[in-house]
Amino acid sequence: MKAGAHGPAALRALIDREAAALGFDIVRVTKPDAAPRLPERLDRFLSEGRHGTMGWLADRAGERADPRVLWDAVRSVVMLGMNYGPDESPLDILARPDRGAISVYARNRDYHDVIKGRLKILAGKIAAKGGADVKVFVDTAPVMEKPLAEAAGLGWQGKHTNLVSREHGSWLFLGAIFTTAELAPDAPEPDHCGSCRACLDICPTRAFPASYQLDARRCISYLTIEHAGPIPHEFREAMGNRIYGCDDCLAVCPWNKFARTAREAKLVARDDLREPRLAELIELDDASFRQKFSGSPVKRIGRDRFVRNVLIAAGNSRDPALAPACRRLTADPSPVVAEAAAWALERLQRGHPGQHPSSDRAWRGHLLPQGEKGQPCSAGDAGLPASRFAGRSAQSIPSPPVGEGGRAKRGRMRGLKP
Ligand code: B12
Ligand code: SF4
Ligand code: SF4
C-alpha cells in the first residue's frame with residue numbers, strides 16, 4: 001500500500017459510507033477469481049449460439065469470463081446495486097392491448113448515466129484514500145456483473161438468470177469497481193429459489209431451455225431491444241403489447257414481496273411512459289422519437305426499431321382504429337417498419353378470435369413448458385405470492401420458496417409499505 005493510504009478496514013468503511021451517500025442500496029466486495037465456473041458456462045452459452053446477434057458478447061469472451069484477463073492488476077471487485085423497484089405491478093399493463101408496455105428499467109432515465117457518474121465519484125475516493133488504481137464498469141465493458149454480484153453476496157442468480165436479492169427482489173441495477181486495493185471479500189449469497197419455478201413458467205416465449213439458463217434469441221427483451229431485423233414470426237403474437245424489454249420473469253418472483261420502490265427519482269417511472277397509447281407511439285418520426293426519449297435507454301434503439309415493436313403490438317391489439325396508421329407505414333422508407341406494418345395491417349383486417357394473448361391463460365397454457373410433475377405450474381400453484389403487488393399488506397409476509405423453510409431471513413416490514 002502506498003504511503004498515507006487507509007488500511008483495508010478503514011477503506012471498506014469509507015466505501016460503505018460513500019456508496020450509501022451516493023444512493024447505492026447495497027455494496028459488497030469479492031475477489032476477481034471468485035466465480036471459477038464462468039469460462040465454462042459462458043463458453044457453453046456462446047457455443048449454443050444463445051447470444052443471437054449480440055456478437056459483442058463473444059468478441060472478448062476471455063476477458064468477460066475472468067476479470068484478471070481484463071485487468072491483471074485487479075485485486076478486489078466492489079459490486080454495487082441500485083434499487084429500481086416499480087410502484088405498480090409491471091404485469092398489469094399487459095392486459096391493456098391499446099397501450100404499449102415499456103419495461104420498468106426504461107421508464108425514465110438511462111441507468112448507465114445515473115450510475116456511471118456515481119461509480120466514478122466512489123472510485124475516485126477509493127483511489128485517493130486507498131492509494132489504489134481503479135476502473136469502473138456498468139454494462140460498458142466485458143464484465144459479467146451478475147455472477148460477480150452473486151460471489152460478492154449482493155444476491156443470487158435466480159432461475160431467470162438475473163440477480164435476486166432477499167431485500168430488493170429482482171429490481172437491482174448492478175455496477176462494478178475493479179481496484180488494486182486488497183479488500184476482505186464478503187460471503188457469497190446462496191441460492192434461495194428452492195423448488196419455485198414461477199419465472200420459468202410465466203415466460204411467454206419459452207426462453208429458458210433449463211433453469212438458470214436463458215436462450216436470448218427467444219427473449220422479448222432481446223427481440224425488442226437488441227435484434228435489428230424483422231422479429232421472427234413465431235414470437236410476434238406472444239409479444240402481446242411489450243414494445244421495449246420484458247419484465248414478466250422478474251415481476252413474478254416471490255422475493256419481490258420484500259422490495260421497496262426506487263429511492264432515486266431518476267429511476268421512478270415518467271407518467272407518460274407508464275401506459276403510453278399505441279395510437280400516439282405509432283406516429284413517431286425520427287425527430288419526435290428523439291425528443292420523447294431523450295435521456296431514456298429507449299433512445300438507443302432508434303425510431304425504426306421502436307416503431308417496428310409498436311406495430312407488432314398494434315397487430316396484436318385487435319383495435320381497428322390503428323389500421324389506417326399501419327396502412328400508411330407499409331410505405332415507410334424503413335424496410336423493417338414497412339414489413340411489420342404489413343403484418344399488423346393484415347392481422348387487424350383479418351381479425352382473430354380469442355382473448356388478448358397476454359391475458360389469456362388458455363393461450364398461455366398452450367405455450368408454456370410443463371412443470372416438474374408434468375403440470376403447468378406457477379407461483380400460485382406453488383403456494384407462493386405472485387408478487388408484492390398481489391395481496392400486499394403489512395401482515396402478509398410471504399413464505400419463501402419451498403426448501404427455504406425457517407432458514408430464510410425475512411425481509412424488512414417497511415418493504416411492504418406502499
Ligand atoms: C447480454 C445481456 C442481456 C441479454 C441476455 C441476458 C442474459 N441472461 O444473458 C438480453 C438482451 C436478453 C438481456 C435482457 C435483460 N437484461 Co440484461 N444484460 C446483459 C449483459 C450486458 C450481459 C449478461 C451476460 O453476461 N450474459 C451471458 C450469460 C452467459 O451470462 P449469465 O446470464 O450470467 O449466465 C449464467 C447462467 O446461465 C449460469 N448458468 C449456466 N448454466 C448453469 C447451470 C447451473 C446448474 C447453474 C446453477 C447456473 C448456470 O451461469 C452463467 C454465467 O454466470 C448484462 C450486463 C453485464 N455486463 O453483465 C445485462 C444485465 C444482466 N441485464 C439486466 C437487465 C435489467 C435485463 C432485463 C431485466 C431488461 C428488461 N426488463 O428487458 C432483461 C432480463 C432478461 C433475463 N431473463 O435475463 C441487468 C440485470 C440486473 C440484475 N439484477 O441481475 C444487467 C446486469 C445490467 C445491469 N448493469 O444492471 N440482457
Ligand atoms: S424477460 Fe420476458 S421473454 Fe425474456 S426470459 Fe423473462 S419472461 Fe421470458
Ligand atoms: S421466480 Fe422463483 S425460481 Fe425464479 S428467480 Fe424468483 S424464486 Fe427463483
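Before counting anything, I noted how residues get sorted: Ala, Val, Leu, Ile, Met, Phe, Trp, Tyr, Cys and Pro count as nonpolar, Asp, Glu, Lys and Arg as charged, and the others, Gly among them, as polar. I also jotted down that this is a predicted model.

Entry 1, ligand 1. I sorted the shell around ligand 1 and got 23 nonpolar, eight polar and six charged residues. In total, 37 residues surround ligand 1, and the closest are Glu 145, Asn 162, Leu 163, Ser 221 and Gly 245. I then checked which elements give two or more residues to this shell: they are α2 (38-47), α7 (145-152), β7 (172-179), α9 (220-226) and α11 (248-251). Where does ligand 1 lie relative to domain 1 and domain 2? It lies between them, because domain 1 (8-85 + 108-179) and domain 2 (198-362) both give residues to its shell.

Entry 2, ligand 3. Here I found 14 surrounding residues, with Gly 158, Cys 193, Cys 196, Cys 199 and Cys 253 the closest. The classes came out as 10 nonpolar, two polar and two charged. Domain 1 and domain 2 each supply at least three residues to the shell around ligand 3.

I looked up α1 (residues 8-21) and α6 (residues 111-130), which pack at about 155° with their axes 10 Å apart. That angle is why I call α1 roughly antiparallel to α6. On the α1 side, Leu 11, Leu 14, Ile 15, Glu 18 and Ala 19 make the contact, and on the α6 side, Leu 122, Lys 125, Ile 126, Lys 129 and Gly 130 do. I sorted this contact into six nonpolar, one polar and three charged residues.

Notes: Residues are numbered from 1 along each chain as its sequence is written. Chains are lettered from A and ligands numbered from 1 in the order in which they are written. This is a predicted model: local features need pLDDT of at least 70, side-chain atom pairs count only at pLDDT 80 or more; totals for chains, interfaces and linings use all residues. Axes are lines fitted to C-alpha atoms, for helices over the stretch in contact, and angles run from 0 to 180 degrees between N-to-C directions. Helices (H or I, at least four residues) and strands (E, at least two) are DSSP runs, numbered from the N terminus. Angles under 35 degrees count as roughly parallel, over 145 as roughly antiparallel, 65 to 115 as roughly perpendicular and the rest as oblique. Two residues are in contact if their C-beta atoms, placed from the backbone, lie within 7 Å. A residue is near a molecule or strand if its C-beta atom, placed from the backbone, lies within 6 Å of it. Domain bounds come from an automatic or database domain assignment.
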